[in-house]
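Keep the viewer open as you read.

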Amino acid sequence: MNISTKKLFINSVKKACLCLTTLMIASLASATNYYVDNAAGSSNNNGSETAPWDSLQTVCQKSSQFNAGDVIHFKRGQRFYNFYNGNLASSGNATSPITFQSYGDANDPAPILSVGKRIDQDNSWTNLGDGRYLYTGYAGSVVNFIWEDGFPVKKASSSALTDGYWYLVSGTGIYIRPTDGQDYSTHEYYLANNGIVFNVANRSNLIFKDLKFEYSKWGIYNTISATSASSGIKIENCEFSRMYAGIWLNSPTTSIENHDIEVIANIFSDIRFAFICTGLNSTPRHYNLTIADNVIKNIAINGAYVLSDTMPDVEALSFQNLHDSTIINNTIINGIKTSDGITDADGDPVSSSGIIIWIAENATMENVKIKNNYIEDVEKGIVMGAGTAYKLSNNLLKGNIIINSQTGMRLNSSDVNDSTLVKYNEFYDNDISIVLYSGARGYQFSDNRSFWPKLFHIQTWQAWQLTDSWFNYNVYQPDGALWRNEANNTTYANLASWQQTNQDPDSVTTWNGSELVVKDGLEIWLKSDAGLFDETGQPVTPGGTIQTWQDQSGNERDYSCTSSTRRPQLTTGISPNGAAGIYFDGVNDAMKLDNASMSLKSVFIVFKASNAITASSPAQTISNQAGEFSFGSCTGLLTDELFTVMSQNSSDINCRSGYTSASNNISGFNIMSVVYNSTNSAYDIYLNGTIVSNVKVGSDDNGLVANNLTFHIGARDLAGGYFNGYIFEYIAYNKAFNLDQKQAVEDYLTKKYSTSNTLPVTNNLEIWLKADAGLLDDSGQPVATSGAVQTWQDQSGNNRDYYCTSSARRPVLEDRISPNGAAGIYFDGIDDAMKLDNVTLTTKSVFIVFKSTSPFTQTSPAQTISNQAGEFSFGSCTGLLTDELFTVMSKNSSNSNCRSGYTSATENISWFNILSVVYNSTDSVYDIYLNGIKVDNATSGIDDNALSAQNITFHLGARDLAGGYFDGYIFEYILYNDSLNATNRVAVENYLTNKYQ
């Protein structure tokens, strides 16, 4: 199997083979194998291997007798035909699905299942003598399709036919005129009066594998009249060809939401839709879909399956209102294009889309990952469809390759677009690489590559779009008409932050964090890895002092220090990931830039304070004058401020109040951003990406202008306010950046200095579990992919290993689960759990990386990731808050110590998350962060100050071994007995983000 997110497979195989409970034994005992052999079988047989059934029709008629765990085997090398819709009448269950599969000689081809009857070989034909033939072997009132040599032929409006048409006269027969005018017997004809091989309406927990579906309208379908959802369906290693749609699932009412569907490693060819999920209104949605490793080719070629249709849409993979799903590693090639000149029955041009997700009015698409798909030679590669008042949230389009199509990606607008990231995609030889249509906004384009478009790299349709979306670290070739805006009929030669390259695309690498690509408006750029020279003019080596720090902006604004006793020192291994910094001693080290004239509106500085800067010890300055970052008080303005920012000079009247909270403590490693906000006439101040304050601009400036002033770095001036710590990078611009541009610079600085592949904080570790180390099976050997985990070894050095003695309750190692494809440990939500006995520890900081398979909502909250002193419970804490989504850091299960966590009833905790919980000793609470954003806090009980565990048992994946089971994946779990400060918390979160996202 090529994909590991297989919930059904895990449940069925692991539970069916390993579970020893009485219930499971009874379920397995009742499972039956049925066999179908159309050469030796009969509808009167019992379906055993020695007395098999004879047909697909018999299977469907007897399907009401199927029970959970039953397997229906179709013999290889045979064709099974059912001239009626194949309605299935039974469902399996989550641990024992009903399976439809092949059997027999593996060298024989897969069994063929079809509702298409071959008609050219029987005797019911009459030559009408005018090029038409009458087939009288069928006199019904409905015909869905007639295929001629594998392609559908057109339906006529009367029996007066021209070449390539057919017409049904109910009760008489079918008039057919061959496409080439030759005798019917020189062709192969198939007829389908109904369309469904397997109708799965109101059915769940079914597996279809190693089968071939052809000559049907639909292979697997749930009817529009279904009264309940299709769920728990897995389709693997099957082939679908010569049909309208391989798999089609409807959501006809507000209560039907198809979910837990897996379509893995199938082949779809000569088809209109490979897989499609539809809905009749905005409420139905589809969630927990995994569409992976499929090959889809020859999509409606020559107008197949659209010739009598009034809907011109041809979509290889099509979804409406999709949630919490992954579309990964699919290959889609050769689809019909507008340029082919094919029209539908209304005369509208027909064209194909590779992957399309369309969103109904007032609906949402969220937590959808479209990754690593290869799409070639279609009209549109990937489309996010539009609708009135719809929302995008937490979606990812990553690593897709789109070649020789009319449009690589067409992305439409939404009223709200929360974090839709378009990253690492590659576009080659398309007419247009990216189209932003119908007001597309809020997309984040990063690390994409566009080569050789026939028209444009980017096409937009509204003038304001590029201010709401942002583009960073992208490369393109060739230079020229990069951006076409159809709103004002203008072609632009460049686009901010895109990089032109003349290199062959195979030699171009996407941005790796070592390059600042936002350079427009640079005034000053100092960095600790370039332009450092000693008093002899030679590059400074580690430990050496710096006389000249060269400006890298191209403006030659070099800082210098003439006094040999006041020069800062180059020191290695200082940032969270070990980058070098420039050390200022806090005594008299400083550098200056004389006679500078410039305007500053955006400033970024990366520093590490050796001595914490507080309200009681504030007198430190990083850089002064027009670019001042002062940690000293500004007398007469605010005595408790921690720093003043962007002061034009040292007089009180122009001193700007900065971070004014006396309770804040600026220490350790930080990235500070100060950006002019023209709306508020203020400078917004950000610390590590979070806004902390703002600075009003005085009456004498609009943005700060320096005229022949002296700048200092490392001090207020050469007489005081010296900074004690390290400076890594200092970047000043004359432009007021929007939030996306600010984020782009912060991303560069974070990846350069903060991101590390190793855990940056290892002191005071109590427990450290991670999915890429220490996983052992029941024989003590490393666990292979899809293997059960008996022991999860602690990596903290404290030997606190988690284990599971019951073979039926062990979680499973699954590959390619996180957003960037890292492995995760799957807990099934039924009974999987691990434990750690007799633990004594104190917990003050906890980090956990998880992906929930089932979203945590107010209607389904009872799940726990880890309990006792490290509890992450998604269940309610009775007597405290009935609407909470999770409780955090509960010492035990009694109500008195249950901590209220994330209490918003509107939240839906789903998909991939990094959760951080850190004890705040000042307020005696645990602060809770979700993906780096503080969301709530949990009040500590009267009997503990930080949580102490004395010889208790910890559980992972459950509240205890009797309930609250977690349904999803755990990637990493880290406990400290130290209350991590903001710098260390962010450093750990950066490590986890880099590792899994």
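Strands here are DSSP runs of E with at least two residues, numbered from the N terminus. With that in hand, go to the loop between β64 (791-792) and β65 (802-803), where you'll find Ser-796. Bear in mind that you're looking at a predicted model.

Is Ser-796 buried or exposed? The cut-off for buried is under 20% relative accessible area, and Ser-796 comes in at 17%, so it counts as buried. Setting aside neighbours within four places in sequence, its contacts are Leu-765, Glu-766, Ile-767 and Trp-768. Take Trp-768: it sits 28 residues from Ser-796 in sequence, yet the two C-alphas are 5.1 Å apart. The serine side chain also has polar partners. One is the backbone oxygen of Glu-766, at 3.3 Å; another is the side chain of Asp-794, in a polar contact of 2.6 Å.

Next, hop over to helix α6, which covers residues 982-996. From first C-alpha to last, its 15 residues reach 21 Å, close to the 21 Å expected at 1.5 Å a residue. Since 11 of the 15 residues are buried, α6 is largely enclosed by the rest of the structure. Among those buried are Val-986, Leu-992 and Tyr-996, but also Arg-985, Glu-989 and Lys-995.

Beyond its sequence neighbours up to four places away, Phe-100 touches residues including Phe-74, Phe-198 and Phe-208.

Definitions and conventions: Residues numbered from 1 in each chain as written. Predicted model: local features only at pLDDT ≥ 70, side-chain atom pairs only at ≥ 80, totals over all residues. Heavy atoms only, no water. Helix = DSSP H or I, 4+ residues; strand = E, 2+ residues; numbered from the N terminus. Expected span 1.5 Å × (residues − 1). Buried < 20%, exposed > 50% of the residue type's maximum accessible area, 1.4 Å probe, protein only. Contact = heavy atoms within 4.5 Å. Polar contact = N/O pair within 3.5 Å; in protein donor to acceptor, adjacent residues only side chain to side chain.
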